[in-house]
Amino acid sequence: MSEILNELSEMVYISNPKTFELYFVNDAAKKEFDLKKIPEHCKCYEILHNNTKPCINCKNYELVPNKVIEWDYTNPVTNKHYLIKDKLIKYPNNHESHLAIISDVTKKISQDITINQTKLINDFIIKCIKILNDNNNFNNLIYNLLAGIGHFTKSERVFAFQMNNKNKTAKCMFEWTDINIPTLLLDNHEWN
């Protein structure tokens, strides 16, 4: 069995679901976690998670026969995000054991975040264009743009300053504040 598991590109380990003792770690997991040799009687949480006790989100307590538990996790040792599939199997010598198959999904998560951020930015630009199109009053236009920036950046307040490079001063021309946030109305502050 270990020969087959060592051929997988996914990381695999097998442990005791009650004592957490590591029985097996495949070559891919050894490489990922920079392990040369697995010490005897070591615990999965010590070697793979750098913990002194079982992990808070450990799924050992949820393992039941004939069921795969799928979950994701960011590992503190590698700082990578993994998709994990856990299952009870018979190993070694027909003992009930915890099999974990781990796939690195860090790149996919990062791509998903980038796509989501790009969509949010595009939606914000479209919203700004609508604000520019719908406002004939300059003061309303600026206030609505500041409000859009405030909501997009999840800010409590947004200012529009008029800069005077010659005097090195800035005058607050417009201010938007979120609900229940008092206005500051800054005026003629030094510009550094």
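# Exercises on a predicted model

F161 lies in strand β6. The model used in these exercises is predicted.

**Exercise 1.** Is F161 buried, partly exposed or exposed, and how many Å separate its C-alpha atom from that of I14?

*Solution.* Step 1: the relative accessibility of F161 is 35%. Step 2: buried requires under 20% and exposed requires over 50%, so F161 counts as partly exposed. Step 3: F161 and I14 are 147 residues apart along the chain, and their C-alpha atoms are separated by 61 Å.

**Exercise 2.** Describe how helices α4 and α5 are arranged, and state which residues meet.

*Solution.* Step 1: two packed helices are described by the angle between their axes and the distance between the axes. Step 2: α4 covers residues 106-134 and α5 covers residues 138-153; their axes come within 10 Å and cross at roughly 165°. Step 3: angles over 145 degrees count as roughly antiparallel, and therefore α4 is roughly antiparallel to α5. Step 4: the crossing of α4 and α5 is right-handed. Step 5: from α4, the residues L120, I121, F124, C128, I131 and L132 take part; from α5, they meet L141, N144, L145, G148, I149 and F152. Step 6: sorted by class, this contact of α4 with α5 has 10 nonpolar residues, 2 polar residues and no charged ones.

**Exercise 3.** Which elements supply the largest nonpolar core, and what is L48 in contact with?

*Solution.* Step 1: the largest nonpolar core has 25 residues, and M11, Y13, L22, L48 and I84 are those with the most contacts inside it. Step 2: at least two residues of this core come from each of β1 (11-15), β2 (22-25), α2 (27-32), α3 (44-49), β3 (69-74), β4 (81-90) and β5 (96-104). Step 3: α3 gives the most to this core, namely 4 residues. Step 4: if neighbours within four places in sequence are left aside, L48 is in contact with Y13, L22, F33, L35, N75 and V77. In general terms, nonpolar side chains tend to be buried together in soluble globular proteins.

**Exercise 4.** Where are N50 and K168 found, and are they buried or exposed?

*Solution.* Step 1: N50 is not a glycine, although its phi is positive, at about 55°. N50 sits in the loop between α3 and β3. Step 2: exposed means over 50% relative accessible area; N50 has 62%, so N50 is exposed. Step 3: K168 also is not a glycine and has a positive phi of about 55°. K168 belongs to the loop between β6 (157-164) and β7 (169-177). Step 4: the relative accessibility of K168 is 52%, so K168 counts as exposed.

Terms used: Residues are numbered from 1 along each chain as its sequence is written. This is a predicted model: local features need pLDDT of at least 70, side-chain atom pairs count only at pLDDT 80 or more; totals for chains, interfaces and linings use all residues. Side-chain values use heavy atoms; hydrogens and water are left out. Axes are lines fitted to C-alpha atoms, for helices over the stretch in contact, and angles run from 0 to 180 degrees between N-to-C directions. Angles under 35 degrees count as roughly parallel, over 145 as roughly antiparallel, 65 to 115 as roughly perpendicular and the rest as oblique. A crossing is left-handed if the near helix is turned anticlockwise from the far one by less than a right angle, and right-handed if clockwise. Contact means heavy atoms within 4.5 Å. Ala, Val, Leu, Ile, Met, Phe, Trp, Tyr, Cys and Pro count as nonpolar, Asp, Glu, Lys and Arg as charged, and the others, Gly among them, as polar. A nonpolar core is a set of buried Ala, Val, Leu, Ile, Met, Phe, Trp, Tyr and Cys residues joined through side-chain atoms within 4.5 Å. Buried means under 20% relative accessible area, exposed over 50%, partly exposed in between (1.4 Å probe, protein chains only).
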